[in-house]
Amino acid sequence: MNKKMFSKKNGKSAKKNNNPSPTNPISVEDDRTGMTVETLKRAFADNLFYILGKNENNATLLDYYTALSYTVRDRLVQRFIKTSSTYLEDDVKIVCYFSAEFLMGRHLGNNLINLGIYDRIRQVVEESGLDLDVLIEQEPDPGLGNGGLGRLAACFLDSLASLQIPAIGYGIRYEFGIFHQKIQDGWQVEVPDNWLRFGNPWEIARPENSVEVKLGGHTETYRDEKGNYRVCWIPERTVAAIPHDTLVPGYETNTVNTLRLWKAEASESFNFDAFNAGNYDRAVAEKINAETISKVLYPNDNTPAGKELRLAQQYFFVSASIQDLIRIHLKTHDDLDGLYERFAIQLNDTHPAVSIAEMMRLLIDEHHLDWDKAWDITQKCFAYTNHTLLPEALERWSVSLFSSLLPRHLEIIYEINFRFLEDVRIWFPDDEDLVSRLSIIEEDYEQKVRMAHLACVGSHSINGVAELHTELLKQDTLKDFAMLWPEKFYNKTNGVTPRRWILLCNLKLADLINQKIGQEWLKDLSQLKKLEAFVEDKEFRKQWRAIKQENKQILADYIKKHKNVDVNINSIFDVQVKRIHEYKRQLLAALHIIALYNRIKANPDVDIYPRTFIFGGKAAPGYFMAKLIIKLIGSIAEVVNRDPDVRNRLKVVFLANFNVSLGQKIYPAADLSEQISTAGKEASGTGNMKFAMNGAMTIGTLDGANIEIREEVGEENFFLFGLTAEEVYAKRGHGYNPMDYYDSNQELKRVIDRIKNGYFSHGDRELFKPIVESLLYQDQYMLLADYQAYVDCQEKVSLAYQDQEKWVKMSILNSARSGKFSSDRTIDEYCREIWQVKPVNVELDNYTQEKAGLNAQVEPVST
């Protein structure tokens, strides 16, 4: 480290002393907010010295990263405080985004870009003898999400701030995020993701704003002093919800919004009487039980205890969040009548759907509004986003669990359901089948609460996340609600933020784009259309391809380091990275690899263009089949990568622990994006958008947002195959028999037989038997029906790639025509059509020494 950085005088960092003159007045920058290189260097040194208590003699790379993070956070805090005060003073409407997941990715690089100081900080770090890229790698990747749902929430927060929309994200501060995935002997092994082990410089704890969350117990009725019927919830236990705020800056704005994540703590964390009596376990039992709620993302809910913990998590964060926004509202308002004019609450899938009942409980039981007024406020506050067409993913909680954990909420849900179904009977007399289908309570062998139904009834808006998805919701999954309230249904096709998914992860491509069309595309992605003017520019195509090759080399180096596999950067990088699930059909891609391998074994001189197949993604810990698919891919890799007959024409790699940071290496390097889910199963997908923005071609079905990507980029720049959603439903309805395809397609038969005969399992025919039997006797996701179309389409990919001039043109057009898929566009549509929220400009005050001191207007709070 450069020791000049640590020049101290009288315990303070030295400041540059400009000589004043009438034409050159003294310019003073605050070390906490100044943006010049010299000021940033001083702040970096001060934070290392005074906050961490380190200097260059004993600081680690983690220390330097932490000091730099505090330096950047200081600049955010100034903007955050001004943003918050502006919202409060102007009494603006605020979006509250409720999500069980926020997969934010690393903060440092993204915050530098949004603050506009990336290059200056790089200079600061280099002049201090360090490497910015190395420091960025010290930051753990917060695993507060499982996949697309959480990453979408993160993109939305970025866009909300960038569009200057007042917003708060609400979720859970999981102590352990989604597990760290290791691959041992080809199997997924889950390791705890202790992302908070060394602290988190990006968060600010707010214990003074903690709230109490009740659980269990029973209810009692009484009459208040006016004779009104009231219900009191007597909980079995209470938990303290402690907010931790992460600051979310917009791109090239002064707006810094808040991500508020709740940590669970015991109301009384230590039982002194039990301790003195020698019962040391009981002395801390309440603390342990309470902290379990925010301990881990998505506990395994295969057991009754797991189900209870998962429901407790969902209720914990929505109760704390609604109490919090009511507290904010009552700072400037005398009552809650206009709460819906101040807050728009978006439910990100069904996980936070219990919010509907909690809002009603707080309004009725705690603030004593009458039912009709409370229900009107509730419906006007809430909007619901559905993210799935899979019936098993639409949450249902047993009535018995609700009764024991949330007794008051069950009563409220019963009342909501009673009133709703009475209306349905008036609207549709003598149609008890419709009543049964619409009911929030499912009457089966075990009564269950249908959380999606609760969200639909309690919200003023219901939206899907791609055009096909929304249509299928209206036609199938939620068709009765769509018939009842067609005006409630909207489509809001997902998007991703170009700041992280082009500028941060593909800086050289972003620089090339800037040279050609300027920088406005980062705030209006439709500007990428201007790149079409350069498609026929040979020099531009050469630069475009060179950047792709550089990105492939970076990924190849990563693969070599972590997998010890050499890959050819001139091969097609064929990539499928996403959550491992049968409907996403990683298995179909595996069958294609085996088909190519079989061709080589039959004729070692066969003409096969080189390919590198890259997989990544996590399987849910309890999802046996998904974990077996990972094992199969690894087993195929073990055989293919070592077989001398292959002659490096095929390489197969499974990259462990796919997360946001790894995605930032993969998306820019991909040639081919695999989006091959069974038509009608994928809600939208966002990985498909990230690939397209970075110039990858898509091979895919007409599913989710693939349809809209194909419409935008042009069908000639998209490799389409497979059954449509209508054909899938029709084939299933007419009695689909996968054995027909196995018997009639000899290549397919050889592929499956290769697995069945134990070729990839050292002769063990039992290991992959569940996969073989699933394919031959069930094939729920119709891999065999789509197999030949997929393999034929892959042949077209190989031919197209060999014409590099044409391929690069296609690559440029994929990127140039991806403007629709910015999350800025999605958020703008939400604001105009659902939330009725407008941008708010935040003006920063200029720093002066006169304003630097405190001028407290109240007595300090005593402790």
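Proline 201 is buried in the predicted model, with a relative accessible area of 6% (buried denotes under 20% relative accessible area, exposed over 50% and partly exposed the range in between, for a 1.4 Å probe and protein chains only). This proline is placed in the loop between β6 (187–191) and β7 (203–205), where helices (H or I, at least four residues) and strands (E, at least two) are DSSP runs numbered from the N terminus. When residues up to four places away in sequence are not counted, proline 201 touches Tyr65, Thr66, Ser69, Tyr70 and Arg73, a contact being defined by heavy atoms within 4.5 Å. The C-alpha atoms of proline 201 and aspartate 423, which are 222 residues apart along the chain, are separated by 52 Å. As this is a predicted model, local features need pLDDT of at least 70 and side-chain atom pairs count only at pLDDT 80 or more, whereas totals for chains, interfaces and linings use all residues. Residues are numbered from 1 along each chain as its sequence is written, and side-chain values use heavy atoms, with hydrogens and water left out.

In helix α4 (residues 118–127), the buried residues are Tyr118, Ile121, Val124 and Val125. These residues lie on the same side of α4, because they cover an arc of only 120 degrees around the axis, the arc being that of the directions from the helix axis to the C-beta atoms. The cover over the buried residues of α4 includes α1 (37–51), α2 (61–90), α3 (108–115), α5 (132–137), α20 (498–504) and α21 (507–517). Glycine 129, with a positive phi near 85 degrees, follows α4. In helix α18 (residues 467–477), the buried residues are Leu468, His469, Thr470, Leu472 and Leu473, and they pack against β18 (462–464), α19 (479–484), β19 (489–491), α27 (706–713) and α28 (725–733).

Cavities were identified on a 1 Å grid over the protein atoms alone, as sets of points where a 1.4 Å probe fits but cannot get out, with lining residues having an atom within 4 Å of a point; grid points are joined across faces, edges and corners, and a volume is the space filled by probe spheres set on the points. By this rule, five cavities of 30 Å³ or more are counted, and the largest cavity has a volume of about 130 Å³. Its lining comprises 14 residues, of which Met104, Asn110, Asp158, Val248 and Arg500 lie nearest the centre of the cavity. Two or more residues of this lining are given by each of α3, α6 (148–162) and β11 (237–249), and β11 gives the most, with four residues. The lining of the largest cavity divides into five nonpolar, six polar and three charged residues, where Ala, Val, Leu, Ile, Met, Phe, Trp, Tyr, Cys and Pro count as nonpolar, Asp, Glu, Lys and Arg as charged, and the others, Gly among them, as polar. Asparagine 110 lies in helix α3 and is buried, with a relative accessible area of 10%. Leaving aside neighbours within four places in sequence, asparagine 110 is in contact with Asp158, Arg500 and Leu504.

A search of the whole structure finds 24 aromatic pairs, in which rings of Phe, Tyr and Trp (its six-membered ring) have centres within 6.5 Å, planes under 30 degrees apart counting as stacked, over 60 as edge-to-face and the rest as tilted. The rings of tyrosine 583 and tyrosine 781 have centres 6.5 Å apart and planes at 55 degrees, so the pair is tilted. This pair links distant parts of the chain, 198 residues apart, with tyrosine 583 in the loop between β20 (572–577) and α23 (586–602) and tyrosine 781 in the loop between α31 (769–777) and α32 (783–802). Tyrosine 583 counts as buried at 4% relative accessibility, and tyrosine 781 counts as buried at 5%. In the pair of tyrosine 801 and tryptophan 807, the ring centres are 5.0 Å apart and the planes are at 75 degrees, so the pair is edge-to-face. Tyrosine 801 is buried, with a relative accessible area of 2%, and tryptophan 807 is buried, with a value of 4%. Ring pairs also link Tyr97, Phe156, Tyr830 and Trp835 into a cluster.

Positive phi values also occur in residues other than glycine, including aspartate 91, with phi near 50 degrees. Aspartate 91 is placed in the loop between α2 and β3 (94–98) and is partly exposed, with a relative accessible area of 37%. Aspartate 185, although not a glycine, has a positive phi of about 55 degrees; this residue lies in the loop between β5 (180–184) and β6 and counts as exposed at 65% relative accessibility.

Definitions and conventions
On a 1 Å grid over the protein atoms alone, a cavity is a set of points where a 1.4 Å probe fits but cannot get out, and a pocket is an open set with protein on both sides within 12 Å along at least five of seven lines; lining residues have an atom within 4 Å of a point.
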